Amino acid sequence: MSSLFAPISALLRRLSIDTFTLLLLCTVALASVLPCAGQTAVALGKLTTFAIGLLFFLHGAKLSRDALVSGLTHWRLHLLVLASTFVMFPLLGLAMKPLAGPVIAPELYVGILFLCTLPSTVQSSIAFTSMARGNVAAAVCSASASNFVGIFVTPLLVSLLIVRGAAGGSSLDAVLTIVEQLLLPFLAGQFLRPWIGAWVDRHKPMLKIVDQGSILLVVYTAFSESVNEGLWHKLSGEALLVLLVVNCVLLAVALGVARWTSRRLGFNREDEITIIFCGSKKSLASGVPMAKVLFAPSALGMVILPVMLFHQIQLMVCAVLAQKWGREPRP
């Protein structure tokens, strides 16, 4: 029997499709067949809010201050990554506005704009930078700074770019909600790190379960609400194909601009790799909880769908690039 599944396992590894991605797909399928509603949805909503707070508390507890300090000297690199994440991507999203309606479904375009406002990933940016033999210390600092800045910048960008669909009535309301539900738990984790940091570092596999479990919980509740609102009647196969193409174009442009800019500004090879990986990615781990805070429940399914798809595309493409660059000889 194991021999029958061996080719499938090999294909999934080649495509960089991990267990978590499969769990995401299963969660979407479960929400499509058995969406939660009524009191169950209310209870899961409260549990989701708690899980998101716990997630950001653990992110704060995991973040090493020494690693941050060690990379602060690369301020030009960090500014370039932040500009790529919070300036270039939103501009790319706005450039696609003429396609909204004729080509891109308006609900999906909101999700694409939200994707463009998100911070960079942390774990995968560092892992790919290390695999490609880039500047790992700078990657730790840059990716972490992106996520911290994103707690404030993402809701402001959402308020500026997405007039409809945001849960808050103003950018100030959105920031205050983010501060209450995301930033305060994050800062509490950072404050307690001297006492719980060693324990957190020893139990990373268990914390990974909390990390991924909270995302799956948000995805299930979000898609359940959207399915109850008729998500799959509104979303066609053609729309999904267009979304796939748009995400591929976004990633290709981001990778190309990051590489071209880093070379024009005279960064060395190690820093260039860090800029490419940290400046071209978008965080699913931060994006899904932020969407839960910033958008109405009925809109969540369409909003997080582009983020979920972009997440898998960036992992597949960046895994190939990291392996290729890691094998290249260096002077």
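S120 counts as buried because its relative accessibility is 0% (buried means under 20% relative accessible area, exposed over 50%, partly exposed in between, with a 1.4 Å probe and protein chains only). The model is predicted, so to speak of local features pLDDT must be at least 70 and side-chain atom pairs count only at pLDDT 80 or more, while totals for chains, interfaces and linings use all residues. Residues are numbered from 1 along each chain as its sequence is written, and side-chain values use heavy atoms, with hydrogens and water left out.

**Around S120**
- S120 sits in the loop that links helix 6 (106-117) to helix 7 (123-131); helices are DSSP runs of H or I with at least four residues, numbered from the N terminus.
- A polar atom of the S120 side chain lies 2.8 Å from the backbone oxygen of C278.
- Beyond its neighbours within four places in sequence, S120 is in contact with residues including T85, N147, F277 and C278 (heavy atoms within 4.5 Å).

**Helix 7**
- Its buried residues are S124, S125, I126, F128 and T129.
- These buried residues pack against helix 8 (136-161), helix 13 (269-279) and helix 15 (300-327).
- Just after helix 7, R133 takes a positive phi of about 65 degrees.

**Helix 12 and V257**
- V257 belongs to helix 12 (residues 237-264).
- V257 counts as partly exposed because its relative accessibility is 33%.

Notes: Helices (H or I, at least four residues) and strands (E, at least two) are DSSP runs, numbered from the N terminus. A polar contact is a pair of N or O atoms within 3.5 Å; within protein, one must be able to donate a hydrogen and the other to accept it, and residues adjacent in sequence count only if both atoms are side-chain atoms.
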